[in-house]
Amino acid sequence: MPASERLGSHIKEAEHALNATKHAVLKPAGLTVPQYAALLQLAENPGIPAAALARACRVTAPTMNTVLKNLQQRGLITRTPHPWHRNVLETRLTELGTQVMAEADENAVRVERGLAAQFTDEERAQLISLLARCSGYLESVRPG
């Protein structure tokens with residue numbers, strides 16, 4: 001099957017373009033795409049544990065631990081023991097983290113809105129549905 005006929009090649013190309021663009025617009029805030037994804041999830045889910053954060057950001061637990069370590073060193077997050085489960089650390093944005101997140105999010109949202117504007121409402125809904133179908137199929141055939 002030629003590469004031009006493989007849906008995975010087209011999906012990967014779009015993913016690469018999105019990540020490269022987001023990387024460029026997040027650079028002024030000093031964030032990587034995975035760091036931004038973590039801050040975005042933390043803004044929406046304060047206190048989320050690292051394992052759940054890794055799943056939400058679609059990265060491995062070791063990768064998320066590295067991301068969190070770097071964010072904590074920069075003073076963008078705090079990690080404190082959960083009041084009842086002492087072995088679980090709750091992660092929250094600091095005031096600085098909230099400011100950096102807001103700056104980065106402005107740029108990321110601009111990219112997302114520009115991308116969405118390339119499609120009609122109907123096309124966006126269809127694209128979301130088609131991508132969900134792709135994900136669903138791939139999840140169903142993944143070994144293990």
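Predicted model: local features only at pLDDT ≥ 70, side-chain atom pairs only at ≥ 80, totals over all residues.

**Helix packing and salt bridges**

Reply: Glu 90 pairs with Arg 92 in a salt bridge, and their closest N and O atoms are 3.4 Å apart. Arg 92 itself is partly exposed, at 34% relative accessible area. We'll come back to pairs like this one.

Now for the helices. Two packed helices are described by the angle between their axes and the distance between the axes. Here the two are α1, residues 7-26, and α5, residues 95-116; their axes come within 9 Å and cross at roughly 145°. The crossing of α1 past α5 is right-handed.

Which residues do the touching? On the α1 side you'll find Leu 18, Thr 21, Lys 22, Val 25 and Leu 26, and they meet Ala 104, Asn 107, Ala 108, Val 111 and Glu 112 of α5. Sorted by class, that contact has 6 nonpolar, 2 polar and 2 charged residues.

Side chains of opposite charge can pair when their charged atoms come close. Lys 22 and Glu 112 do form a salt bridge, with 2.6 Å from N to O. This pair ties together distant parts of the chain, since Lys 22 sits in α1 and Glu 112 in α5, 90 residues apart. How buried or exposed is each partner? Lys 22 counts as buried because its relative accessibility is 13%, under the 20% cut-off. Glu 112, at 35% relative accessible area, is partly exposed.

Arg 124 and Asp 121 meet through their side chains in a salt bridge, 2.1 Å from N to O. Both lie in helix α6, residues 121-141, and they are 3 residues apart, about one turn of the helix. Asp 121 is exposed because its relative accessible area is 58%, over the 50% cut-off. Arg 124, at 26% relative accessibility, counts as partly exposed.

How many salt bridges are there by this rule? The count comes to 5, and among them are Lys 22 with Glu 112, Arg 92 with Glu 90, and Arg 124 with Asp 121.

Terms used:
Residues numbered from 1 in each chain as written. Heavy atoms only, no water. Axes fitted to C-alpha atoms, helices over the stretch in contact; angles between N-to-C directions. Helix = DSSP H or I, 4+ residues; strand = E, 2+ residues; numbered from the N terminus. Left-handed = near helix turned anticlockwise from the far one by under 90°. Contact = heavy atoms within 4.5 Å. Nonpolar A, V, L, I, M, F, W, Y, C, P; charged D, E, K, R; others polar. Salt bridge = Lys/Arg side-chain N within 4 Å of Asp/Glu carboxyl O. Buried < 20%, exposed > 50% of the residue type's maximum accessible area, 1.4 Å probe, protein only.
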